[in-house]
Amino acid sequence: MSRGVHVVGNAAVDIIYRVDRLPRSGETRLAGRPHRDCGGKGLNQAVAAARAGARVVFHAPVGRDREAEMLAAALAGHDGLTVRWWPRPLATDHSIILVEDGGENIVVSTTECAHSVSEAEAAHAVDGTQAGDVLLMQPGLTDAATRAALARGRARGLVSILNVAPPLDPGPLLGLADVMVANKDEAVALFGAPVADGRHPPKGVARLVVTRGARGALLWEAGGCTVLPAPTVDPVDTTGAGDAFAGTLAAGIALGVDLRRALAAAMRSAADSVTRRGTHAAIATLTPPRW
Ligand code: ATP
């Protein structure tokens, strides 16, 4: 039976500069006119889950400003996506993204709105769910708010997926997430290189997915470590690949697809997204036969 996906996370305006190569420390690079777009890992993953065919409810804090209006206008009427904004007397969060010609990127983000979400609000956001729904969370909110939402989700019988990354401390969250997803660098920082490389199992995590860019992903579960190769593509812009991956994975689980097939679809969606510029704009709509 098809279940919903609930995303409690951040929304931001991305300001994207294209450069011939990323600057080194202390160096200035020239860029053309910046491109503005919707972003934030919560928003991108909610959009990815909806485009993969899930019914998605997305809770996010925003300011009372033009940036918030831009985000609301962009998501209004999106198929399968219901947004519950938390308006704040603050500036909407934003990210400065530099993308070099080869597709690599660096990102700096503000978090004032995201960090304003209280534990009570985060937990309350999960109250409209049904057992078996999927709760998808990312780094962005405070550790305390993330933990509160995951704990409420666990109490309500949700399947929870946590895209975990520093500075979020996975320690207090280990027993609360059914699947953790981290990219290679994040997995090294949080769990150590032997876990990120597939040489040693993570402790206390039911399932850990380590994403490895063009090399695909590793799945750690009780039976050991499985290497999952990615489709080969010509990357144009890798920004948001991790979000396409996490959102599609959540949608697959909500739609009743088994974990391996959901991971395969997540890798197809993420590989496809790197062939186009942009973050959420690069995420294609998956149609059911692609599952
Ligand atoms: P980002 O921060 O750029 O959004 P990330 O660092 O969180 O991404 P990655 O491990 O780079 O995550 O990518 C996530 C997934 O996207 C990978 O596991 C892979 O399936 C897919 N992917 C990323 N880059 C490529 C690529 N060049 N070719 C094919 N698949 C890719």
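How many bridges join strand β2 to β3, and do the two strands run parallel or antiparallel? Five bridges join β2, which covers residues 12–19, to β3, and the two run antiparallel. The model described here is predicted.

**The open sheet**

- Four strands make up an open sheet with mixed pairing, in the order β3-β2-β6-β7.
- At the edges lie β3 (35–39) and β7 (105–109), each of which pairs on one side only.
- From one strand to the next, the twist averages 25 degrees.
- Strands of a sheet pair through backbone hydrogen bonds, either parallel or antiparallel.
- Within the pairing of β2 with β3, Ala 12 has Gly 39 of β3 as its bridge partner.
- Helix α2, formed by residues 66–75, packs on the sheet and touches β2 and β3. The direction of α2 makes about 70 degrees with that of β3.

**The setting of Arg 207**

- Arg 207 is found in the loop between α6 (193–196) and β11 (208–211).

**Contacts of Arg 207**

- Beyond residues up to four places away in sequence, Arg 207 touches Asp 178, Val 179, Met 180, Leu 219, Trp 220, Glu 221 and Leu 259.
- The side chains of Arg 207 and Glu 221 are joined by a polar contact of 3.4 Å.
- Gly 224 is 17 residues from Arg 207 in sequence, and the C-alpha atoms of the two are 9.8 Å apart in space.

Methods. Residues numbered from 1 in each chain as written. Predicted model: local features only at pLDDT ≥ 70, side-chain atom pairs only at ≥ 80, totals over all residues. Heavy atoms only, no water. Contact = heavy atoms within 4.5 Å. Polar contact = N/O pair within 3.5 Å; in protein donor to acceptor, adjacent residues only side chain to side chain. Pairing = 2+ DSSP bridges. Axes fitted to C-alpha atoms, helices over the stretch in contact; angles between N-to-C directions.
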